[in-house]
Amino acid sequence: MLDPTAAPVGDSYLWARPDEHRREVSRDLPTDPVTQARTTLNTAHPRPWGWRVTTYLWTKAVGAGAMLLAALAHLAGIDLAVVGDVVAPALGVAGIGITGALLVWDLKRPERFLYILLKPNPRSWMFWGAIVLAAGAALFTAWLAAGILGAPDTVYDWLAVPALVAAAMTAGYTGFLFGQAEGRDLWQSPLLFWHLIVQAVMVGAGAMALAGIGAGLDAEATALLLAALTLGTLGHVVMVLFEFLGRHTSKQAATAAHMVTHGRYARLFWTGGVGLAALAAAVAGTAWAAGTLLVAAVAGLLVQAALLIYESVFVRAGQDVPLS
Amino acid sequence: MSVEPDLPGARRHEHLRNFPPVSSWDNHVEYDAKAHPRKVPHSYMLIPTTCFNCESACGLLAYVDKDDLSVKKLEGNPAHPGSRGRNCAKGPATVNQLNDPERILYPLRRTGERGAGQWERVSWDDALNDIASRISTAITDGRHEDVMYHVGRPGEDGFTERVLNTWGVDGHNTHTNICSAGTRLGMSLWTGFDRPSADHANAKVILLLSSHLETGHYFNPHAQRIMEGKQSGAKLVVLDPRMSNTAAHADAWLAPWPGSEAAILLAVASYLLRTRRIDEAFLRRWLNWQTYLAELHPDAAQDFDTFLDRITADYAEFTFDFAAEEAQVPVERIAEIAEIVADCDGRLSAHIWRAAAAGNLGGWQVARALWFVLALTGSIGGRGGTSPNGWHKFIPQGPNMPGHHEHWNELIWPREYPLATNELSFLLPHFLREGRGTLDVYFSRVYNPIWTNPDGFTWIETLTDPDKIGLHVALTPTWSETAEFADYVLPMGHSSERHDTHSYETHAGRWLGFRQPVRRVAMDKLGQDYTDTRDANPGEVWEENEFWFELSWRIDPDGALGITKYFESPYRSGEKMTTDDYYRWVFEHSVPGLPEKAAAQGMTPLEYMRRYGVVEVDTDVYRVDERPLTDDEQADTDVDEQGVVRKPVTLDSVAPVFGEAGAVGVRHDDGDVTFGWPTPSRKLEVFATAMRDWGQGEHATPGYIRSHVARREIDVDAGELVLVPTFRLPTLIHTRSGNAKYLNEISNTHPVWLNSTDAKRHGVRTDDLVRISTEIGYFVARVWVTEGIRPGVCALSHHMGRWRLHPGEGSRWVSGMVELSHLDGEHTWLLRHKGGVAPFDSSDPDSSRIDWSDPGVHQNLAFAVHPDPHSGMHCWLQKVSMEPARPEDRYGDVYVDTRRSAEVYREWLAKTTPALGPDGQRRPEFMMRPLAPTRRGYRTESPE
Ligand code: SF4
């Protein structure tokens, strides 16, 4: 099999200049110690996915995470009051709305976004993702309406399980979508679906902790949010370390991971992605022990930044390893 | 229903075919890709022509839109037996050259000083009359040699020679001595032919002293056949100090110190002799071994076995160890190559054209040594071996051929270089400065000596001196640095805008290709009127053949000079010859088999050539030396003491293209009389009598002349290196690809290749600027650190470093604006770029999308002339010293002191020993000479 990583680009092609992106990426790729082989000519392959994908991973996570916790709380009989009835579904609807907008914007031909539904390809998670987002949007809107209109508990009983599933899928389906990006081996992890849900819990809880200040939540509700924030953040950190420092299924994935942990993204990844999250976990844990949302709000802010930074690295590094 | 002809380049796979069938070539419909998804059909005529971008002359097939006669694209011509439907990147890029928004569309005449960038549009009539009257006066005054035609890319074999013969002018100058004169001498001495024709496809071992798989003559046709050979199990051996694409495909790659190649080959030869892994029968029959013994071992027994013993002893000094030391490579690698070669079973196809033979003092001995190995292994002339080009190339004759002139132009063929196979063209400015002559009319034809030749500033000094060159006419399809200094710039067409024929030794067969103006052919087919090719070309772009016809008529308007009669139609007495007349006659009378092939398809020969663009003349041509002479050939002959069969000649006889006048064959010891070789002995000359006869007897046998850049000449620790400035890119060609955007897009930087060990010693890294100093100046380039070049050697590719002095005088796709200044007096020159390549506005929107900026470094300016004292070949390799760029240096700077270049010229000239041969002959008659005079012309004084 031809392996494009076997001959990384040097500082120059033979007779032309590599584009700056490829040049930078190649500095992180090991050369063969014997052949020192170099790619001598290629065309520029800019990363197709950029800040919009990074951002929607976050917006989606916040909205889905918030709804996940709201639905869980209802099923567990914990009253999150206005935070559960209005804030969470509002975050859910806004999250999906912004995500949808970013997704359409990110299409090469945005005016054709309806083709996803009108000319569906049922083997593509692009299509199923649209279904998931549409279902999520409907359920979260219903939840929000129920909250605003003060609907009786039975409405929530009906909505809780579908909303829980929709929230989980809204957060997690991207794992399957990324899995379909063949050749982008960093994204092929079987844990990605679960990891996305953990991330959603982290940032969803963070947002709700912020909203919960002054909302008069009872101890049980407070504990739920603090526990979710602490454990979600810890879980994220542990999964990140496991994913990036553990064994990789392919050379491509290992190369991308190495670029993240030791290469061009290392500083951003360790300080912004991992360091901030670890700090947030510690702060959240402290708040949990103390039972105070005020301190947790700091962690709630930190995790948003940590996830955005992490996703920006994850999205870029996944596309950096050359495929040709 | 007509049957589709079986074309050599046509391939099918299931229902797919790689080319439209010939039956649809007059009306081929394709949908406009840009209109997709709408289906917009376009109707094309597919008209073949011949690529002009390198000498391989591959077939092209132009898609001419019937609506507006635009050329949509050019693909390969499947009818062509050499290129077989394929091209390199440069072939299809012809379409860029046709559509180049910056091309020269009208004749221009200088209005200011030469080189000042001031031009006016002039009519062809005025230009022709002015040029013709000057030439006419020169001829009338007996100043024939004041007229010179200097050609870069060669045109049709014999065409311009025919024109110059009608004028009686010995004024044919070429670029060959900056190209291939080294190889030509080495090979001529052996065989009388000056080019190899390797049968790569059938070889067992392919030995390349070049990057032949990716560049060179005949790149695309040979590359196909080298790969075929490899697929059939041939081993590929490559000698190249650089890890070229070719080296990457080798079974054995040796990166020798430049200039050591002859030592390596002689070590292989010595091994073959020592181990007697030689083809004794071949050597006994075909080597002039008797002369070898008589000259070098007169006291020994004069028999073949003694010859073998003596020659084995004579070459014993060329051990593997000796070669390894010269080449600075492990001795085992030399032994490995020798073993591969020894195992070739007479099927060694080998090629050298430029490379080491064009780089080194004594480089011609590399070719001589290579043919020694070919002879020893019995690989000459047979299937899978290496033949001379003369067997595999076909040269037709034009109508009403003029007699030969009897002049001798010493500006082109000076006495110092009697054995130079070709013109000492690159010394022309020095000769003019020495007062050896002047030029009244100087044509440069697709030739850019200021840029391509060494010592370009001396060219500028000479071309701007009206006392040395009265009128400089640049015939060119594109702007060039040289055209900037011309008096007239006359636009000539690209490959699909002109007529000529070509034939090259791409394989063991013969073909004749036809280059034709495709729009004009389409106009013919559509019944549209035109007067000449100008009516079919953009603007007033013309073609040379019609230009020469017209010019010749105007030189001799009343026929008094006896010139015009050669340019009369063979079909319409007294009327001017047209290109149709000319080629109709050639194809009807001068190409064996063509009239029959055409008739079989119901066409005239000219129609056949216009349809297919090529005709195959022969296949499987081997061992022509063994062809028995016919009775006719033997009639009226004598056999001399060496067995050479000769017809009587006089001083008015003319030598044929190859061989001596009158010599037709050789009688062997067994009584066979065969065609033999066009050498003086009609044998393969292991002892070259011509070297002896012209006072160079110490080099009469294959030998090793230590190069001017041999390892011991280079003080690596003092910062010295060998610079290889000649390696080529597969995607660019000399100075003619500047206007091809596709090509510039993929090749647009110009780094100096430097091995990591050398980079470390010099303390430089990739992208650092360095100053590289030569004998006469320096240039500033950018480093690329790579393991792809051997330590001690750096390399900077040919093909880049283009510049223009004034806006509009060069291709902005590739060149940078520069200014020239004289820092330390008039004889010193500094070229400095004012900005690199940048996007520009034009009718082609792509010109605003240029994403490259590097115009490269014009290194050749900083090279002094190095004429090899024997072959006259310019020895390109440079001993240089490298240092980090100084604060005042800018990328692309070139600084030269032309007084110093004149000194170096004189140093190299002093290495020669001017000599006349037997009967006061200026050069050996058997060696090919473009525009050869009668035998009288060869002699300084007529013995009569
Ligand atoms: S090798 Fe390339 S440039 Fe040369 S004639 Fe063939 S197609 Fe043209």
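**Close-up views of a predicted two-chain model**

**Figure 1. The largest cavity.** About 790 Å³ of space lies in the largest cavity of this predicted model. The lining comprises 45 residues, and R354(B), A355(B), T726(B), F727(B) and R728(B) are the closest to the centre. Helix α13 (residues 355–359) of chain B contributes the most to this lining, with four residues. By class, the lining of the largest cavity holds 20 nonpolar, 18 polar and seven charged residues. Here Ala, Val, Leu, Ile, Met, Phe, Trp, Tyr, Cys and Pro count as nonpolar, Asp, Glu, Lys and Arg as charged, and the others, Gly among them, as polar. A cavity is a set of points, on a 1 Å grid over the protein atoms alone, where a 1.4 Å probe fits but cannot get out; a pocket is an open set with protein on both sides within 12 Å along at least five of seven lines, and lining residues have an atom within 4 Å of a point. Grid points are joined across faces, edges and corners, and a volume is the space filled by probe spheres set on the points. By this rule there are 12 cavities of 30 Å³ or more.

Figure 2. Of its 38 lining residues, L14(A), R38(A), T40(A), W784(B) and T786(B) lie nearest its centre. Two or more residues of the lining come from each of α1 (20–27) of chain A and α5 (219–231), α6 (245–248) and β30 (777–785) of chain B. Helices (H or I, at least four residues) and strands (E, at least two) are DSSP runs, numbered from the N terminus. The lining divides into 15 nonpolar, 16 polar and seven charged residues.

**Figure 3. Packing of α7(B) and α11(B).** The axes of helix α7 (residues 261–274) and helix α11 (residues 320–327), both of chain B, come within 9 Å and cross at roughly 170°. The crossing therefore makes α7(B) roughly antiparallel to α11(B) (angles over 145 degrees). Axes are lines fitted to C-alpha atoms, for helices over the stretch in contact, and angles run from 0 to 180 degrees between N-to-C directions. A263(B), I264(B), A267(B), Y271(B) and R274(B) of α7(B) meet F320(B), F322(B), A323(B), E326(B) and A327(B) of α11(B), with contact meaning heavy atoms within 4.5 Å. Eight nonpolar, no polar and two charged residues form this contact.

**Figure 4. Surroundings of the ligand.** Residues around the ligand (a heavy atom within 4 Å) include C51(B), C54(B), C58(B), C88(B), K90(B) and F219(B). The shell comprises six nonpolar, five polar and one charged residue.

**Figure 5. Backbone details in two loops of chain B.** A cis peptide bond, with omega about 5°, joins H36(B) and P37(B). P37(B) belongs to the loop between β3 (28–31) and β4 (41–50). R276(B), although not a glycine, has a positive phi of about 55°, and R276(B) sits in the loop between α7 and α8 (280–286).

**Conventions.** Residues are numbered from 1 along each chain as its sequence is written, with chains lettered from A and ligands numbered from 1 in the order in which they are written. In this predicted model local features need pLDDT of at least 70 and side-chain atom pairs count only at pLDDT 80 or more, while totals for chains, interfaces and linings use all residues; side-chain values use heavy atoms, with hydrogens and water left out.

Definitions and conventions:
Parallel < 35°, antiparallel > 145°, perpendicular 65-115°, else oblique.
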